[in-house]
Amino acid sequence: MKLLVFPHSHYCEKARWVLDYKNIPYETVTIMPGTHMFTVRRHAKNSSVPVLLDGDMAIQGSSDIINYLEEKFPDKCLTPKDPAQFKTCLSIEEQMDKRLGVNIRQILYAKLLDYPSYIRFCFTYPMPEYKKVIFSAMYPVLKKKIYKTYVKSDEKVAEAQLEFDEALDEVGVIIRKQPYLLGDTFTRADLSVASMLSLLVLPKEHAFPWGERVIPDADIKALHESYLDHPVAKWALDIYQKHR
Ligand SMILES: N[C@@H](CCC(=O)N[C@@H](CS)C(=O)NCC(=O)O)C(=O)O
């Protein structure tokens, strides 16, 4: 199996975590942003990663990848069997992929796009030097594209910040009463929420070496630090430590 990824992407992290959790052998294929569209569209409908390639099959999207892996490798199951729990679990995953995942990407890109060497490290971390040079040459165009697609405007970033905080607090209410989002058992809902927060809490167990890179700006560092005492940030780090 092969997993097409951007190394730092939280959706890619979610898919990779499931593969690792279930001890499934696979190869990670890091693809170049920009030209990734051609690579990904050779296999799948949209241009987004993660995409899992298994023989002739291409599965796109982190949740569909989990569904596929749960069916093919039922050991170490991450999806509740009980119908009510199943519904709640998938609903948390779907909602938080958007309310935490989409919003944190928007908030961070709004600040990080002014730091090309940091962005280059995130996208090209395991690539050969010549690809890093190509990335730098493409960056002015990529920056505009990323801004237009994910950041949009200062007003939208302010809205994203409010939505993100609200979603984080909702997760906080659940985990105040119990160790995992569905009670006493680790499920794909926990794995998804912790993955969505990986960009914020920078866990050391993550496949991408956050620690090798100093956060490029005091303002961004302050943003990360302002969340470190949030119970959900602490919980996410704990989930990483126990299950990643
Ligand atoms: N809902 C999707 C979201 C995937 C996604 O947004 N991927 C981004 C990277 S974080 C991407 O590939 N962007 C480039 C593109 O869409 O062409 C999932 O869960 O996999």
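**Close-up views of the predicted model**

View A. E13 is buried, with a relative accessible area of 0%. Here, buried means under 20% relative accessible area, exposed means over 50%, and partly exposed covers what lies in between (1.4 Å probe, protein chains only). The model is predicted, so local features are given only where pLDDT is at least 70 and side-chain atom pairs only at pLDDT 80 or more, while totals for chains, interfaces and linings take in all residues.

**View B. A salt bridge ties E13 to R244.** The side chains of these two residues meet with N and O 2.9 Å apart; a salt bridge is counted when a side-chain nitrogen of Lys or Arg lies within 4 Å of a carboxyl oxygen of Asp or Glu. E13 belongs to helix α1 and R244 to the segment after α11 (231-243), so this pair links distant parts of the chain, 231 residues apart. Helices and strands are DSSP runs numbered from the N terminus: helices are H or I with at least four residues, strands are E with at least two. R244 is partly exposed, at 23% relative accessible area.

**View C. R16 also pairs with E13.** In their salt bridge, the closest N and O atoms are 3.0 Å apart. Why does the spacing of R16 and E13 correspond to about one helical turn? The two residues are three apart in helix α1, so about one turn separates them. R16 and E13 are buried.

**View D. E166 and R99 join two helices.** Their side chains form a salt bridge with an N to O distance of 3.8 Å. This pair, too, links distant parts of the chain: E166 lies in helix α7 (residues 154-177) and R99 in helix α4 (residues 83-112), 67 residues apart. With a relative accessibility of 18%, R99 counts as buried. Back around E13, salt bridges with shared partners join E13, R16, D20 and R244 into one network. The structure holds 17 salt bridges.

**View E. Four strands make an open sheet.** Their order is β2-β1-β3-β4, and the pairing is mixed. Edge positions go to β2 (27-30) and β4 (57-60), each with a single partner strand, so one side of each has no neighbour in the sheet. On average, and ignoring direction, neighbouring strands are turned by 20° against each other. Two strands count as paired if DSSP finds at least two bridges between them.

**View F. Strands β3 and β4 form a hairpin.** β3 (residues 51-54) runs antiparallel to β4 and is joined to β4 by four bridges. D54 has M57 of β4 as its bridge partner. Two residues lie between the strands of this hairpin, where G55 takes a positive phi near 60°. Further along, L53 faces A58 in β4.

View G. Helix α1 (residues 10-21) touches β1 (2-5) and β3, and its direction makes about 160° with that of β1. Helix α3 (residues 62-72) touches β1, β3 and β4, at about 35° to the direction of β3. Contact means heavy atoms within 4.5 Å. Axes are lines fitted to C-alpha atoms, for helices over the stretch in contact, and angles run from 0 to 180 degrees between N-to-C directions.

**View H. What does H224 touch?** H224 lies in helix α10 (residues 218-227) and is buried, with 6% relative accessible area. Leaving aside residues up to four places away in sequence, H224 touches L108, L199, L200, L202 and I215.

**View I. F86 has a partly exposed place in helix α4.** F86 lies in this helix, and its relative accessibility of 37% counts as partly exposed. Beyond residues up to four places away in sequence, F86 touches T79 and P80. F86 and L182 are 96 residues apart in sequence, with their C-alpha atoms 9.3 Å apart in space.

**View J. The protein chain as a whole gives the close-ups their setting.** Its secondary structure comes to 11 helices and four strands. Of its 244 residues, 50% count as buried. Taken along the principal axes, the C-alpha atoms fill a box of roughly 50 × 45 × 30 Å.

Conventions: Residues are numbered from 1 along each chain as its sequence is written. Side-chain values use heavy atoms; hydrogens and water are left out.
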